[in-house]
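Reader: Please show me the model. Then I will ask what stands behind each term.

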Amino acid sequence: FGVDLAVESKSAGHFAIAIECDSPVDEAGHLSTARAREVWRPKILKRAIPFIHRVSSHGWYHDSVSERERLEKAIHRALEVTE
């Protein structure tokens, strides 16, 4: 599975957080059901990346300050835990 962006924990040497912009889009059609997209995919990703944060394009457009603050807090929290 792919993510839009990942932040690496330099001291741990692996990704600390994955950042997704809105819901994942699966071009191959493997995630056609909501269950696969919302339950199964995150469980698989968490095996490799401990934190996953989703940024809402709607929230970014209408209240970008709050979305940025939420993203920044998520990144700092993930780095604190993984380093």
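This is a predicted model: local features need pLDDT of at least 70, side-chain atom pairs count only at pLDDT 80 or more; totals for chains, interfaces and linings use all residues.

Reader: How many helices and strands does the chain have, and what makes a run count as one?

Author: The chain has 3 helices and 3 strands. Both are DSSP runs, numbered from the N terminus: helices are H or I with at least four residues, strands are E with at least two. From the N terminus on, the order is β-β-α-β-α-α.

Reader: Why is His 53 called buried?

Author: Buried means under 20% relative accessible area, exposed over 50%, and partly exposed in between, with a 1.4 Å probe and protein chains only. His 53 has 8% relative accessibility, so it counts as buried. His 53 is found in strand E3, residues 51-55. In the whole chain of 83 residues, buried residues make up 25%.

Reader: Which residues does His 53 touch, and what counts as a contact?

Author: Contact means heavy atoms within 4.5 Å. Not counting residues up to four places away in sequence, His 53 touches Ile 17, Ala 18, Ile 19, Glu 20, Arg 70, Leu 71 and Ala 74.

Reader: Why does Ala 74 count as buried?

Author: Ala 74 has 9% relative accessibility, so it counts as buried. Its place is in helix H3. With residues up to four places away in sequence not counted, Ala 74 touches Ile 17 and His 53. Ala 74 and Ile 17 are 57 residues apart in sequence, and their C-alpha atoms are 8.2 Å apart.

Reader: What span is expected for H3, and what does H3 reach?

Author: The expected span is 1.5 Å times one less than the number of residues. H3 (residues 64-82) has 19 residues, and 27 Å is expected. From first C-alpha to last, H3 reaches 27 Å, close to that expected value.

Reader: Which residues of H3 are buried?

Author: They are Glu 67, Leu 71, Ala 74, Ile 75, Ala 78 and Thr 82. Seen down the axis of H3, these buried residues fall within an arc of 95 degrees, so they line one face of the helix. The arc is that of the directions from the helix axis to the C-beta atoms. The face turned away from the buried side carries the exposed residues Lys 73 and Glu 80.

Reader: What covers the buried residues of H3?

Author: The cover includes strand E1 (5-9), strand E2 (14-21), E3 and helix H2 (57-62).

Reader: How do you know that E1 and E2 pair?

Author: Two strands pair if DSSP finds at least two bridges between them. E1 and E2 have 5 bridges, in the antiparallel sense. Glu 8, for one, stands opposite Phe 15 in E2. Leu 5 has Ile 19 in E2 as its bridge partner. The hairpin of E1 and E2 has 4 residues between the strands, and Gly 13 takes a positive phi near 80 degrees there.

Reader: What makes up the largest nonpolar core?

Author: A nonpolar core is a set of buried Ala, Val, Leu, Ile, Met, Phe, Trp, Tyr and Cys residues joined through side-chain atoms within 4.5 Å. The largest has 8 residues: Ala 16, Ile 17, Ile 19, Val 55, Leu 71, Ala 74, Ile 75 and Ala 78. E2 and H3 are the elements that give two or more residues to this core. H3 gives the most, with 4 residues.

Note on methods
Residues are numbered from 1 along each chain as its sequence is written. Side-chain values use heavy atoms; hydrogens and water are left out.
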